[in-house]
Amino acid sequence: MATPKGPDTLLSSSSKHYQTDDRNSDINALILDYLTMEGYPNAAAKFSKEANLQPHQDNASIRARQEIQNHIHSGSIQTAIEALNELDPEILDDDKALHFSLLRLQLVELIRSCNSAGGDIGPALKFATEQLGPRAPTNPKFLEDLERTMALLLFPPDSLEPQLASLLDPELRRTAADSVNKAILEKQSARRAAAIRQLVKMRAWAENTARDKGISLPDRLDIGLRGEEQGHHDCQQSHIGNGHEPMVTS
């Protein structure tokens with residue numbers, strides 16, 4: 001089985017091709033923007049150098065966002081909150097919903113730990129009482145989320161209803177990490193997502209509009225980049241493993 005290619009490997013070869021063709025300068029900029037916004041510090045630095053582009057953000061800034069997201073993905077929510085406050089304390093002060101969602105996720109992780117450590121729910125109850133209890137009455141959704149999370153303590157993990165089981169799914173971490181990344185980006189650059197994401201949405205809208213009007217289109221429209229099929233396969237592989245720079249997904 002071939003070793004999965006990460007962003008460094010894929011984009012090193014891509015940039016060597018693109019930088020020789022001025023027609024692809026916009027594509028280069030989109031790739032660098034994606035790597036910067038999504039949190040690939042090593043790949044962004046390498047690609048900007050090889051494609052002869054100015055970095056969109058300094059490497060330290062990208063790495064700080066990546067580290068915060070990695071803490072969330074690994075369940076170290078307190079560490080992530082501390083790192084986020086060190087980066088910019090105004091983010092959580094100004095976004096009460098984001099702050100509550102992180103604290104709720106921290107409670108979920110405490111409940112997960114007590115389930116695996118023999119059933120001591122003391123730390124989870126203490127955290128809920130001190131951190132979430134005072135905040136929950138300020139917003140009906142906060143209160144609903146807290147009540148649903150506390151219900152995890154009432155049932156064994158292997159017999160939870162789907163609505164409660166979803167709280168223990170890694171998707172909750174991914175959603176929180178994505179929200180934090182967008183909040184940091186908005187604070188730093190007034191833009192919450194990579195430009196290519198908006199272009200993909202615009203393309204999908206154009207295709208759907210054309211089909212709604214009865215215009216005949218192929219089932220699949222290629223973007224027109226050389227080696228698209230191989231690139232698509234490599235990108236799928238990069239989701240599986242990409243060395244020491246884990247992908248931050250939305």
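**View 1. Contacts of Asp-145 in the predicted model.** Leaving aside neighbours within four places in sequence, Asp-145 contacts Phe-100 and Arg-104. Asp-145 belongs to helix α9, residues 140-150. Its relative accessibility is 8%, so Asp-145 counts as buried, the cut-off being under 20%.

**View 2. Helix α7 against helix α8.** Helix α7 spans residues 96-116 and helix α8 residues 122-132. Their axes come within 9 Å and cross at roughly 170 degrees. The two helices are therefore roughly antiparallel to each other, since angles over 145 degrees count as such. The crossing of α7 past α8 is left-handed. On the α7 side, the contact is made by Phe-100, Leu-103, Arg-104, Gln-106, Leu-107, Leu-110 and Ile-111. Helix α8 contributes Pro-123, Ala-124, Phe-127, Ala-128, Gln-131 and Leu-132. By class, this contact has 10 nonpolar, 2 polar and 1 charged residues.

**View 3. The largest nonpolar core.** This core has 36 residues. Ile-72, Leu-84, Leu-102, Leu-107 and Val-180 have the most contacts inside it. At least two residues each come from α4 (59-73), α5 (77-87), α6 (90-94), α7, α8, α9 and α11 (170-189). Helix α7 gives the most, with 9 residues.

**View 4. Surroundings of Leu-84.** Not counting residues up to four places away in sequence, Leu-84 touches Ile-68, Pro-89, Ile-91, Leu-92, Leu-102, Val-180 and Ile-184. Leu-84 and two of these partners, Leu-102 and Val-180, are among the residues with the most contacts inside the largest core.

How values were computed. Residues are numbered from 1 along each chain as its sequence is written. This is a predicted model: local features need pLDDT of at least 70, side-chain atom pairs count only at pLDDT 80 or more; totals for chains, interfaces and linings use all residues. Side-chain values use heavy atoms; hydrogens and water are left out. Axes are lines fitted to C-alpha atoms, for helices over the stretch in contact, and angles run from 0 to 180 degrees between N-to-C directions. Helices (H or I, at least four residues) and strands (E, at least two) are DSSP runs, numbered from the N terminus. Angles under 35 degrees count as roughly parallel, over 145 as roughly antiparallel, 65 to 115 as roughly perpendicular and the rest as oblique. A crossing is left-handed if the near helix is turned anticlockwise from the far one by less than a right angle, and right-handed if clockwise. Contact means heavy atoms within 4.5 Å. Ala, Val, Leu, Ile, Met, Phe, Trp, Tyr, Cys and Pro count as nonpolar, Asp, Glu, Lys and Arg as charged, and the others, Gly among them, as polar. Buried means under 20% relative accessible area, exposed over 50%, partly exposed in between (1.4 Å probe, protein chains only). A nonpolar core is a set of buried Ala, Val, Leu, Ile, Met, Phe, Trp, Tyr and Cys residues joined through side-chain atoms within 4.5 Å.
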